[in-house]
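Take a look at the chain below before reading on.

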Amino acid sequence: MSGSYDDSVGVEVSSDSFWEVGNYKRTVKRIDDGHRLCNDLMNCIHERARIEKVYAQQLTEWAKRWKQLVEKGPQYGTVERAWCAFMSEAEKVSELHLEVKGSLMNEDFEKIKNWQKEAFHKQMMGGFKETKEAEDGFRKAQKPWAKKLKEVEAAKKAYYAACKEEKLAISRETNSKADPALNPEQLKKLQDKVERSKQDVLKTKEKYEKSLKELDNATPQYMENMEQVFEQCQQFEEKRLRFFREVLLEVQKHLDLSNVASYKNIYRELEQNIKTADAVEDLRWFRANQGPGMSMNWPQFEDDEWSADLNRTLSRREKKKASDGVTLTGINQTGDQVSQSNKHSSVSSYEKNQSYPTDWSDEESNNPFSSTDANGDTNPFDEDTSPAMEVRVRALYDYEGQEQDELSFKAGKFTAFS
């Protein structure tokens, strides 16, 4: 037997190597993935910007709500101002987060969008120009080597088939020698078969080795061409990776408020406002404004307060209308007259023999100038809507009219009015 053969050699073993035919497609797919990753990064930034906006709105709403609650609540003094400082902090931080949202969308998002548009060029038939160029470059570089590889596979298959046929022919010849019934002619045919199979093995082996040598010779050029196309893809991907790194650093700067001077000032001011809270000062304020420190008009003996009230009552001016009679003061009425006065809302007429008290009393029940009458609730001199009646009254003291529409009276004199 001129060649060795193993059945397992015929089984194709799959390889994940880049150099295998068609495995360059992963590198080509990376270009399409780059375009998709730009979209993913833009979506990521857009969602973060929306979070920043919502957070800013929530801070503003929270600050407004709690500022009202604290101001209307029972807390007072410097602690109240320290508490409200948190709401001021929230309002200022809200503005900063709105600025972050604006930077993310107006700068970072737009930057990615523009770079993507410049880096990837869509074709009318679909796909990207950069993807097609990479695909065509790899296919062109691999085509000659792939053709020779196909020849090697065919030569190997033919060689393995010849080896198998040689093995079978030798096995038949060996078995026929032990068979006495086999004639010499038949034995000669089996021997010729063995000889031909050996020749086939030699020929296929030679062809296999030749094709394999040709493939080996073509491999360096194949590798060089593939490397060249691959490096072009690498350079394109390097631009994307560097750009992403640059954008992510910009996003980090926009999100990192700890390096913003105004942000630091917010919390420096908040700390100062909290530290100004003074329990002793608040307790002193409460004592002075809500506690024993408040001023008080303590009750004292007031001898002339009743006369002062009377003078204030007499000084009130009530104007007389043409159809309503005159303004009267100081009328002393009996019980029946009071009853009738309330009923008709007018002044009743007095009999000539009506008796009048001569003594003045400051009791509210007998005081014609009581607070109830003065306020007009049961004033016997309210406007009368009933028919005109004649009224005779006797003055209890002298009074000189102060205005043109006021009358003058003499003590003890009767005057009739209609």
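Among contacts in the protein chain between residues at least 6 apart in sequence, 74% join residues at least 24 apart. The model is predicted. The protein chain has 418 residues, and 28% of them count as buried. Nine helices and two strands make up its list of elements. Along the sequence, the pattern reads α-α-α-α-α-α-α-α-α-β-β.

**How the helices pack**

Two packed helices are described by the angle between their axes and the distance between the axes.

*H1 with H2*
- Helix H2 covers residues 77–119, and its axis lies 8 Å from that of H1.
- The packing angle of H1 and H2 is about 165 degrees.
- An angle over 145 degrees counts as roughly antiparallel, so H1 is roughly antiparallel to H2.
- The crossing of H1 and H2 is left-handed.
- The contact of H1 with H2 has 25 nonpolar, eight polar and ten charged residues.

*H1 with H4*
- Helix H1 spans residues 25–72, and helix H4 spans residues 184–255.
- Their axes come within 10 Å and cross at roughly 10 degrees.
- H1 and H4 are therefore roughly parallel to each other.
- On the H1 side, the contact residues include Thr27, Arg30, Leu41 and Glu52.
- On the H4 side, they include Phe230, Cys233, Phe244 and Leu255.
- By class, the contact of H1 with H4 has 13 nonpolar, three polar and five charged residues.

*H3 with H4*
- Helix H3 runs over residues 129–177.
- The axes of H3 and H4 come within 7 Å and cross at roughly 165 degrees.
- That makes H3 roughly antiparallel to H4.
- H3 passes H4 in a left-handed crossing.
- The contact of H3 with H4 divides into 27 nonpolar, nine polar and 15 charged residues.

**Residues to find in the model**

*Glu52*
- Glu52 sits in helix H1.
- Is Glu52 buried or exposed? Its relative accessibility is 5%, so Glu52 counts as buried.
- Setting aside neighbours within four places in sequence, Glu52 is in contact with His97, Val100, Lys101, Leu104 and Leu255.

*His254*
- His254 belongs to helix H4.
- Its relative accessibility is 16%, and the limit for buried is under 20%, so His254 counts as buried.
- Beyond residues up to four places away in sequence, His254 touches Val100, Ser103, Leu104, Glu107 and Asp108.
- Glu99 and His254 are 155 residues apart along the chain, yet 8.7 Å separates their C-alpha atoms.

*Ser197*
- Ser197 is also part of helix H4.
- With a relative accessible area of 3%, Ser197 is buried.
- Which residues does Ser197 contact, leaving aside its neighbours within four places in sequence? They are Ala162, Glu165, Glu166 and Ala169.

*Val260*
- Val260 lies in the loop between H4 and helix H5, which covers 261–275.
- At 28% relative accessibility, Val260 counts as partly exposed.

**Aromatic rings**

- How many aromatic pairs are there? The count comes to 17.
- Trp19 has 26% relative accessibility, so Trp19 counts as partly exposed.
- Tyr222 has 2% relative accessibility, so Tyr222 counts as buried.
- Both residues belong to a cluster linked by ring pairs.
- The members of that cluster are Phe18, Trp19, Tyr24, Phe138, Trp145, Tyr222 and Phe230.

How values were computed
Residues are numbered from 1 along each chain as its sequence is written. This is a predicted model: local features need pLDDT of at least 70, side-chain atom pairs count only at pLDDT 80 or more; totals for chains, interfaces and linings use all residues. Side-chain values use heavy atoms; hydrogens and water are left out. Axes are lines fitted to C-alpha atoms, for helices over the stretch in contact, and angles run from 0 to 180 degrees between N-to-C directions. Helices (H or I, at least four residues) and strands (E, at least two) are DSSP runs, numbered from the N terminus. Angles under 35 degrees count as roughly parallel, over 145 as roughly antiparallel, 65 to 115 as roughly perpendicular and the rest as oblique. Contact means heavy atoms within 4.5 Å. Ala, Val, Leu, Ile, Met, Phe, Trp, Tyr, Cys and Pro count as nonpolar, Asp, Glu, Lys and Arg as charged, and the others, Gly among them, as polar. A crossing is left-handed if the near helix is turned anticlockwise from the far one by less than a right angle, and right-handed if clockwise. Buried means under 20% relative accessible area, exposed over 50%, partly exposed in between (1.4 Å probe, protein chains only). Rings of Phe, Tyr and Trp (its six-membered ring) pair if their centres lie within 6.5 Å; planes under 30 degrees apart count as stacked, over 60 as edge-to-face and the rest as tilted.
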